[in-house]
Amino acid sequence: INAFQASANELGAQVIVKVANQDASVQEEQIKEMVREGAQVLVVVANDADRLSGVIRQVRSQGVRVISYDRLIRRAGVDLYISFDNEKVGSLMTSAVLSKVSQGGILIVNGAKNDNNALLINAGIQKVLRPYLAAGGIHLVSEFWPETWDNTEVRTFLESILPQIGDIRGVVVGDDMLAEEAIRFFSENGRSRFVQVAGQDADLAACQRIAEGTQLATIYKPFKTLATEAATFAVAMAKHQPIHTVETIDDGSGPVPYVRLEPILITKANLSLVIQDKFHTAAEVYKNLKPSK
């Protein structure tokens, strides 16, 4: 939010910020309120990919332009969707795990189904995993779709597959927060040394785990790039300037303009990248490591 606001302010725009705290009904009311306050362009990080469709169609019919930021609002015909290549996120995570796991069981813990990104990430996971499953050696132990991005749901699921835990060699997880829960579970059950885990978002805790060797990989999405690009498009829309994108994406009712940004796989080998980008500091990333004597 801060990066977007700073970029938009530099371009001469006034930014109104409202936070719904993951409540889709609150977000609906906030959208209506912002339009009443005179917003010409809405930049929406959707809490629910489907719940907002109606209100977005309504405000667009009133001439308000809408950018779907990071998460696609389905069946709403937004003016622009800007995000990282979420299918590639899934592919990168899965390829990282399979580079370390040549045989045994794979576990998939997806993100929430009401987040369209989770569906795209899963498409990338399946694309990479499918030929390995067909070739044999690697097999899918289980796949889980939580209702929300909730550690408690993941913990309950993991406990339900405890009898199969010895078969699991690799885990691809919807984000780093859920990956943390999976890693904690494997550690509690004496399996952490044998399981390769990949998540996404380059959370500080995940980068620390990569430095320590308890998490294999994460996906870094340079959000300053996302924020700057989105702010540029938003200001152009407010000025009634034409916008052009190379790609489109189907939102369930037809194609919408799509700006696709590149995610970056982070492992111990290139962990310094998040430090160079000032996403985290070296002191933060390596704080749990004992200094070598």
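Modeller: Gladly! Keep in mind that this is a predicted model. Let's start with a link between two side chains, those of Asp-79 and Arg-60, which are joined by a polar contact of 3.0 Å.

Colleague: What makes the link between Asp-79 and Arg-60 a polar contact?

Modeller: A polar contact needs N or O atoms within 3.5 Å. The side chains of Asp-79 and Arg-60 come to 3.0 Å, so the pair qualifies. The side chain of Asp-79 also has a polar atom 2.7 Å from the backbone nitrogen of Val-66.

Colleague: And how do you know whether Asp-79 is buried or exposed?

Modeller: Buried means under 20% relative accessible area. Asp-79 has 12% relative accessibility, so Asp-79 counts as buried.

Colleague: Where in the chain is Asp-79?

Modeller: Asp-79 sits in the loop between strand E2 (65-69) and strand E3 (80-84). Leaving aside neighbours within four places in sequence, its contacts include Val-64, Ile-243 and Pro-257. Met-237 is another residue in contact with Asp-79; the two are 158 residues apart in sequence, yet their C-alpha atoms are 9.1 Å apart in space.

Colleague: Which residues have the most contacts inside the largest nonpolar core?

Modeller: That core has 22 residues, and Ile-31, Leu-42, Val-44, Leu-52, Ile-56 and Ile-73 have the most contacts inside it. Helix H2 (24-36), strand E1 (41-44), helix H3 (53-61) and strand E10 (255-261) each supply at least two of its residues. Leu-52, for example, touches Ile-31, Val-44 and Ile-73, among others.

Note on methods: Residues numbered from 1 in each chain as written. Predicted model: local features only at pLDDT ≥ 70, side-chain atom pairs only at ≥ 80, totals over all residues. Heavy atoms only, no water. Helix = DSSP H or I, 4+ residues; strand = E, 2+ residues; numbered from the N terminus. Buried < 20%, exposed > 50% of the residue type's maximum accessible area, 1.4 Å probe, protein only. Contact = heavy atoms within 4.5 Å. Polar contact = N/O pair within 3.5 Å; in protein donor to acceptor, adjacent residues only side chain to side chain. Core = buried A, V, L, I, M, F, W, Y, C linked by side-chain atoms within 4.5 Å.
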